[in-house]
Amino acid sequence: MWEYTDKVLELFYNPKNQGEIEETAEQNVKVATGEVGSIACGDALRLHLKVQVDTDKILDARFQTFGCTSAIASSSALTELVKGLTLDEALAVTNKDIANYLGGLPEAKMHCSVMGQEALEAAIFNYRGIEREVHDDDDEGTLICTCFGISDTKIRRVIRENSLITAEEVTNYVKAGGGCGSCLATIDDIIKEVQRESALPIAAPASNKSAVATKIAPSTLTTVQKIALIQKVLDEEVRPVLLADGGDVELYDVEGDRVKVLLQGACGSCSSSTATLKIAIEARLRDRISQSIVVEAVEPLF
Ligand code: FES
């Protein structure tokens, strides 16, 4: 179960500002709407802002959200945060502000706060007639994660704004990489590029948090050490991503550089399982242990 703060639970059970704002004939008032996410991807948010035209002030904000506890709470927090602000002031609200208002969100649920910030931006850009994708960055973005339709522009932005240093964190914030996993290696590359560009702290390998999975020359490993290291990388860096998508992987055997695994759950029957193996698992093991590792799937005996 997720650990939610009291504020998250309060706004989930008694959300503030839920509903829509209908178009109005009031003088000097307009309604702006921004919509992000999709129900097919698990959550969607439509944000309505009532704007005083001559001052750009947000008179009211309401939301309609399909999603989990954190999505509802984040949407409600967003509306509370922006009421009374001007549109320019509201544009400065970040996903961190939303998470902070809630007293924090579970790391794996940070994408809900990102969704709120994006809906806010979408509503304001719609109001101002600005093409959002173009405004986002200097280019229109290249699609990186086909499972969730996430572009490199969005990934770069969330890395910069939240100082993310691992692909797992990117998955937590924008879901990219949380499906078949075939984009994880590309996300790693983007993280390195952003770090070079912005002089963020150089990414420690995800496993550096626990010290063991640093790259070790394979020739210095005994067979037992190598198996233990492979197991550790699978447990700490690969399985969390697969589990998030209803799959799993189990180490079956190691013969020299051939690593045999059993794919389970959604991964075992997924048409993307080959890509998951070759790119997500093999690339990760190669990066952490040895470039000569080859991953093979074995069929369960029953
Ligand atoms: S392409 Fe990114 S998770 Fe499948």
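In the hairpin of strands S2 and S3, four residues lie between the strands, and Asp56 there adopts a positive phi near 65°. The structure is a predicted model, in which local features need pLDDT of at least 70, side-chain atom pairs count only at pLDDT 80 or more, and totals for chains, interfaces and linings use all residues. Residues are numbered from 1 along each chain as its sequence is written.

**Sheet**
- S1, S2 and S3 form an open antiparallel sheet in the order S1-S2-S3; strands are DSSP runs (E, at least two residues) and helices likewise (H or I, at least four), numbered from the N terminus.
- S1 and S3 are the edge strands, each pairing on one side only; pairing requires at least two DSSP bridges between two strands.
- Neighbouring strands are turned by 15° against each other on average, direction ignored; axes are lines fitted to C-alpha atoms, for helices over the stretch in contact, and angles run from 0 to 180 degrees between N-to-C directions.

**Helices on the sheet**
- Helix H2 (residues 69-82) packs on the sheet, touching S2 and S3, and its direction makes about 175° with that of S3; contact means C-beta atoms, placed from the backbone, within 7 Å.
- Helix H5 (residues 110-128) also packs on the sheet, touching S1 and S2, at about 140° to the direction of S1.

**Strand pairs**
- S1 (residues 29-38) and S2 (residues 43-52) are joined by ten bridges, and Gly37 has Ala44 in S2 as its bridge partner.
- Nine bridges join S2 to S3 (residues 57-66); Arg46 is partnered by Gln64 in S3.

**Leu234**
- Leu234 lies in helix H10 (residues 223-244) and touches Arg239, Val249 and Leu251, not counting residues up to four places away in sequence.

Key
Two residues are in contact if their C-beta atoms, placed from the backbone, lie within 7 Å.
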